[in-house]
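Student: Could we go through this structure together, one question at a time?
Tutor: Gladly! Take a look at it first.

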Amino acid sequence: MAPSPRRPISRRRMLQASALALPGAWALAACAREQPLGGPTSAASAVTAPSGATSAAPSPASIPIASPSNPVKWPINPGNEPIASGLEPEANATLRVYNYPDYLDKAVIKDFEKEYAEYGAKVEYSTFNDYPEALTKIRSGSIPYDVTFMTYSSIGRLVYGDLIRPLNHDYIPNISDVWDEFKDPWYDLGWQYTVPYVIYTTGIGWRSDLIGVTIGDWPNPYDVFWDAKYAGKIAVLDDHREVIGMTILRDGGTDVNTGDPVALGRTRDAMLEMLSASQPRVTITGYTDIPEGVLALSQCWSGDMVTGQYYMPEGVDPTVLRFWSPPDGRGLIGNDFMVNLKGGQNPVLAHHFINFMVGKDVSLKNFSWVGYQPPLKALTPESMVADGYVPKNLASAVIKPEWFGVGYPILELPPAVEAEYQAIWQQFKAGA
Amino acid sequence: MGDRSTRLLWPVLGLPAMVWIALFFLVPLYVVFCVAFGTVDPVFRSPVPTWNPLQWQFDQVEVVWDRLFGPDNFYLPAVLRTFAYIAIAVSACLLISFPVAYFTARFAGKYRGLVLALLIAPFWISYMMRMLAWINLLQPDGLVNAIITLGGTIPLEVNWLSGKPYVVVMGLIYGYVPYMLLPLFAALDRISPSLLEAARDLGASGFDLFRRVILPMSVPGIVAGSMLVALPMMGDYFTSDLLSKSPNTAMIGNLINLSIATPGQSGQAGALLLVVLLVMLVPMVLYTRSNARAEVRS
């Protein structure tokens, strides 16, 4: 008799297999790390509330959202006081710096290692693709990063997750080189945790030889993203907040952090309309794609076009690059900042690194490589162009200090509103 | 005694593969279930897997189900698009591979080893690298445009990378064609030449020979090749990401990737993945059943 090709699994065998699988489930459960802030169904570790009293894990609603109209002084959790003054940098340390790729000049890192050679300092530069990825990795604690670069939308979680260390200002005298606004910014009153890195606006970048019009002359320049004439040639940023914010501004709104369902519904419809009209690509690589001619125009950050001049193909004049953002500063605006991570092993060296980065000469050297403007007192819009940091054709990419008073920063959102924004983004990215 | 050791030999030899599957398929699959049916950290929006099946919650699956089949079914166009791209790409892979595999099996003679090695040579370079190479070739000033415009003499410039569906399908075909070739070659190589000669002797024309002998006998190879090509395409996201970047060419893989990258939505990614898994199970089960039947028949 020929053997049966397959032997059906009996119920008993199935049960045996299930029983065998159970210890696996137990093992997984045992491996599960305690979440610092817990989930909706799990117990949470204690953290300190803004008042200083120890309480259960904060609910999302209990974390304040910093904004220009609601400046926040973050708490300093017990046991997380700033380091003492006058300490020597850690000897033979490897300082772990965690940042976006291409967002810090490697030569500047070499300079830091040279300057701190007597302490045997080495720098290890690791990169993340976006803030959620960075937060997840920092929280996991698997790699003891010392310094990272963040923006407003993460600061509350960094403090309440007990992930960052307050700064000892004695180690950071170079703060005197930056705009005074950043010594008491609304997102971190008293700059307890943050030191500014670079500033940017979000606008439109294009190549004038491929787009034969001056976008800035249009009554509403954002309309270009809804113009079918440019189908296949344009892109928006791969960042839900930036695209939603831009759509709100195009619609005449100013609250780019709105939680109003009606406004968000209108924004979603407009974004889907954009998808059908101009079929934009979604990318953050405008700084190479526009110079190379893969894109003719893209929503981009002010620094992108300044960097873009170094990506021009042979034979194409870099003066064809253009950038527009609202010339009165009433557009999307923001800054990144450096923070000293609590999980890092070299808090003193990390302070020295932050101080090194914010100093005028280093900051300028870094600017000339990354293309993003540092908020240095030494830089004026005129000097940036005259000294060649920004070419004349991109003078509009220079940010003026007063714009931070009138521009629209992208803020942290309450989780429920954030979920709405994400749903809109998912619908947009699923295509029409 | 000898009998007993022989009886034990095969299970023991199979053990490493079983352990491998348990560790690297079943356990990760269980983790996917725990994430899909788990909760979300309220502050960091990171997934909090629920390890105990008795406590599983099904909210995320409902969200995904609504987006697929509910009134707000904005996932559905991407799903249909994926099926369309895969149908075209698999057919094209088959059309390209069949003659090549047939030639290699029948006529390559002593060079068949060399021909086969050359055919699978693209495997030596990673899929990602090959797609990145295509980006260079397809750029406005790339080699493809240089060739079709005869070095710029014809005023015709196609922006291949501007989110065109046919470029994504082309990428899929190029990337996966070797997976179709090998099973087809194996199937065609098994057809005995004497069968073909017999068909000829009995008066079959070239077309009849193909239709009534070669094609039916290569069905297992066609099915296996199509499965091998279609299944990874279902989860492919970087072909569209690299060659298009347009939401209008997004595939199921892109939806999963986006959900994974979005804080608070890993559970939805898990749920979407389970839906894909269920959809893929249908052809897999049909394939294994037809194979088992074929074995019984033979």
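## Core, helices and interface

Tutor: This is a predicted model. Its largest nonpolar core has 159 residues, and those with the most contacts inside it are Leu297(A), Met338(A), Phe353(A), Ile354(A), Ala89(B), Tyr176(B) and Leu255(B).

Student: Which helix gives the most to this core?
Tutor: Look in chain B, at residues 165-190. With 15 residues, the top contributor to this core is helix α7 of chain B.

Student: Is helix α12 of chain B largely enclosed or largely open, and how many of its residues are buried?
Tutor: This helix covers residues 252-261. Among its buried residues are Ile252(B), Leu255(B) and Leu258(B). Helix α12 of chain B is largely enclosed by the rest of the structure because the buried ones number seven of the 10.

Student: How are α5(A) and α13(A) arranged relative to each other?
Tutor: Their axes come within 10 Å and cross at roughly 90°. On the α5(A) side, the contact is made by His240(A), Arg241(A) and Ile244(A), and on the α13(A) side by Tyr421(A), Gln422(A), Ile424(A) and Trp425(A). Angles of 65 to 115 degrees count as roughly perpendicular, so α5(A) and α13(A) are roughly perpendicular.

Student: Which element supplies the largest share of the side of chain A that touches chain B?
Tutor: Across this interface, 45 residues of chain A are in contact with 41 residues of chain B. Elements of chain A that each supply at least two residues include α1, α3 and α4. The largest share, seven residues, comes from α13(A).

Methods
Residues numbered from 1 in each chain as written. Chains lettered and ligands numbered in written order. Predicted model: local features only at pLDDT ≥ 70, side-chain atom pairs only at ≥ 80, totals over all residues. Contact = placed C-beta atoms within 7 Å. Helix = DSSP H or I, 4+ residues; strand = E, 2+ residues; numbered from the N terminus. Core = buried A, V, L, I, M, F, W, Y, C linked by C-beta atoms within 7 Å. Buried ≥ 20, exposed ≤ 12 C-beta atoms within 10 Å, placed from the backbone. Axes fitted to C-alpha atoms, helices over the stretch in contact; angles between N-to-C directions. Parallel < 35°, antiparallel > 145°, perpendicular 65-115°, else oblique.
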